[in-house]
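Notebook, opened with the model on screen. I want to look up helix packing, cores, the chain contact and a few loop residues.

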Amino acid sequence: MSERRRVDIVVVGAGPAGLAAAAAAAARGRRVLVIDQGLRPGGQVWRHQSEAELPARARTLMVRARNAGATFAAEARVVDINSAHELIVDFRGRIAPVGTESIVLATGARERFLPFPGWTLPGVMGVGGLQALYKSGLRMTGKRIVIGGTGPLLLPVAAALAHAGADVRFVAEQAGAAALLRFGASLGFSPAKLLEGARYRGAFLSTPYRTNSWIVAAAGEGRLRSVTVQTGKRQVEFDCDFAAAAMGLVPNAELAQLLGCVMQDDAIGVGALQETSVAGVFAAGECTGVKGDDAGIAEGEIAGAAAAGDLRAARHAALVSRRDAGRRFGARLATTFAPRREVLTLAAPDTILCRCEDVACGAIQPEWSQRQAKLWTRVGMGVCQGAVCGPACSAMFGWQGNAVRPPLHSPAVGGWSESLTHEG
Amino acid sequence: MSDSDVTVSVDGVPRRVPASATVAAALLQLGVTTFRRDLSGQARGPVCGMGTCFECRVTIDGQPEMRACLVPVREGMRVETDL
């Protein structure tokens, strides 16, 4: 019989929302297990090598969760479920069931990648992807970089890489200037966000930052050599070592779908207490809609309190108002930075669409349903389970999200066999 | 980064890399860009940096299909790419 762990609340994801949920639930006396696939808590936004690099509120939240007694399992991931009360978890290659009363999903978001000619060349990566690799030890000194994408992530990433010594040659924002101005004005009473943007801008004044601009192609033999950027009516080519190319973020909702939670658009649908449609399952942060970490923390506090049964705390007015402001901000983000038609039609017929199964864009007939396309081409059926091409296909062909099937992550073979042996 | 280095074997060649790096960051730092090859032999390398895209798969200490962006380097580690 394999070892069986039992807790009151499992929090999946140790980013801002997950940490807040863990701290809130553990402070109310619940046994909380936080599962995260990273080496350290913090998620993507607070990825770090030493806690000294982190903003004060990140450290505060980590200390709160720790002191409240939440247990943190690093390099761990949920691979399957038996029910909403039993998760199958890969703990560093050892597979074990975890029994729980409640679950808080704080699975975050990932980048939306859209195919363009040359996007599979090594050296072309995500915007957050390049930042993650930098934070994981890749030195930026002297590296020539072109950034193409959309949304508030572009400027901080560009500033961080420039600060680390990179030669950031161009930052292309696909959204138009008018949309950006409307977005700024809509923030209204919250000019702090605009100032934040201006501060980032100040950090790399010599770098061209252009709206109405996007990467149209990457070139090179076996690795990236240059990218071509459309900016206004012109096309400009830049030699570069890395291109950071992604079109905003999409919620990670796969585990929620496996649990049977109802989706709202591409995010996990939640109510006033961050509860999903499945009893005992809550969700908080970017996985319920991309909106930034401050509202994510508020959602985490609400979800953690609600999962612990403290409904009064979960309805605290200040938390609710922060959460609701975040949701409104998220809605504006989605309209301002929606990918424009041009960036949905960059791929050539021979451009790879599904990077796992090597399916070219031209292999998909426009009249096909998603099901037909999968049957005929295996698009979205590879090892990443459509994490990359799924959001691209939704944007390009209007397909609904990928049907989710276990295992959510392919665990090491040894892990499965060990678990089978123990059970047998 | 000012931390100490460790020695890992990359496709049989001993290399010094920062002790705090992930395998993906360490390989890129060494100038290795081809982590795996697709069905037609084209080179692929890291994309998402966070374990989602599976493009940075390499063999680590004999275990195939490991996501290099999720694994920290360790002294004596053997990493094999699709060259």
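**Entry 1: helix H4 of chain A**

I started with helix H4 (residues 154–163) of chain A, whose buried residues are Leu154(A), Leu155(A), Val157(A), Ala158(A), Leu161(A) and Ala162(A). They sit on the same side of H4(A), because they cover an arc of only 165 degrees around the axis. The arc is that of the directions from the helix axis to the C-beta atoms. I counted a residue as buried if 20 or more other C-beta atoms lie within 10 Å of its own, exposed if 12 or fewer, and partly exposed in between, with C-beta atoms placed from the backbone. Helices (H or I, at least four residues) and strands (E, at least two) are DSSP runs, numbered from the N terminus. For reference, an α-helix has 3.6 residues a turn, so residues three or four places apart point the same way. Just after H4(A), I found Gly165(A) with a positive phi of about 105 degrees.

A note on the source: this is a predicted model, where local features need pLDDT of at least 70, side-chain atom pairs count only at pLDDT 80 or more, and totals for chains, interfaces and linings use all residues. Residues are numbered from 1 along each chain as its sequence is written, while chains are lettered from A and ligands numbered from 1 in the order in which they are written.

**Entry 2: H3 against H4**

I then looked up the partner helix, H3 (residues 127–135) of chain A, whose axis and that of H4(A) come within 10 Å and cross at roughly 35 degrees. Axes are lines fitted to C-alpha atoms, for helices over the stretch in contact, and angles run from 0 to 180 degrees between N-to-C directions. The crossing of H3(A) and H4(A) is left-handed, meaning that the near helix is turned anticlockwise from the far one by less than a right angle (right-handed if clockwise). From H3(A), Val127(A), Gln131(A) and Tyr134(A) meet Leu154(A), Val157(A), Ala160(A) and Leu161(A) of H4(A). Contact here requires C-beta atoms, placed from the backbone, within 7 Å. I sorted the residues of this contact into six nonpolar, one polar and no charged. In that sorting Ala, Val, Leu, Ile, Met, Phe, Trp, Tyr, Cys and Pro count as nonpolar, Asp, Glu, Lys and Arg as charged, and the others, Gly among them, as polar.

**Entry 3: helix H1 of chain A**

Is H1(A) enclosed or open? Eleven of the eleven residues of H1(A) are buried, so this helix is largely enclosed by the rest of the structure. The cover over its buried residues includes strand S1 (5–12), strand S2 (32–35), H2, strand S6 (94–105) and helix H8 (293–307) of chain A.

I checked H2 in detail. The axes of H1 (residues 16–26) and H2 (residues 56–67) of chain A come within 8 Å and cross at roughly 35 degrees, and the crossing is left-handed. Pro16(A), Leu19(A), Ala20(A), Ala22(A), Ala23(A) and Ala26(A) of H1(A) make the contact with Leu61(A), Met62(A), Arg64(A) and Ala65(A) of H2(A). By class I noted nine nonpolar, no polar and one charged residues.

**Entry 4: cores**

The largest nonpolar core has 87 residues, and those with the most contacts inside it are Ile147(A), Ala243(A), Ala244(A), Leu353(A) and Val23(B). A second, separate core of 69 residues includes Val78(A), Val89(A), Ala305(A) and Phe337(A). A nonpolar core is a set of buried Ala, Val, Leu, Ile, Met, Phe, Trp, Tyr and Cys residues joined through C-beta atoms within 7 Å.

**Entry 5: chain B on chain A**

I found 33 residues of chain B in contact with 30 residues of chain A. On the chain B side, H1(B) gives the most, with five residues. That side has 18 nonpolar, twelve polar and three charged residues.

**Entry 6: loop residues**

Ile364(A) lies in the loop between strand S21 (359–360) and helix H12 (370–377) of chain A. Ile364(A) is buried, with 22 other C-beta atoms within 10 Å.

I also looked for positive phi outside glycine. Arg92(A) has a phi near 45 degrees and counts as exposed, with 11 C-beta neighbours inside 10 Å. Gln274(A) has a phi near 65 degrees but counts as buried, with 30 such neighbours.

How values were computed
Two residues are in contact if their C-beta atoms, placed from the backbone, lie within 7 Å.
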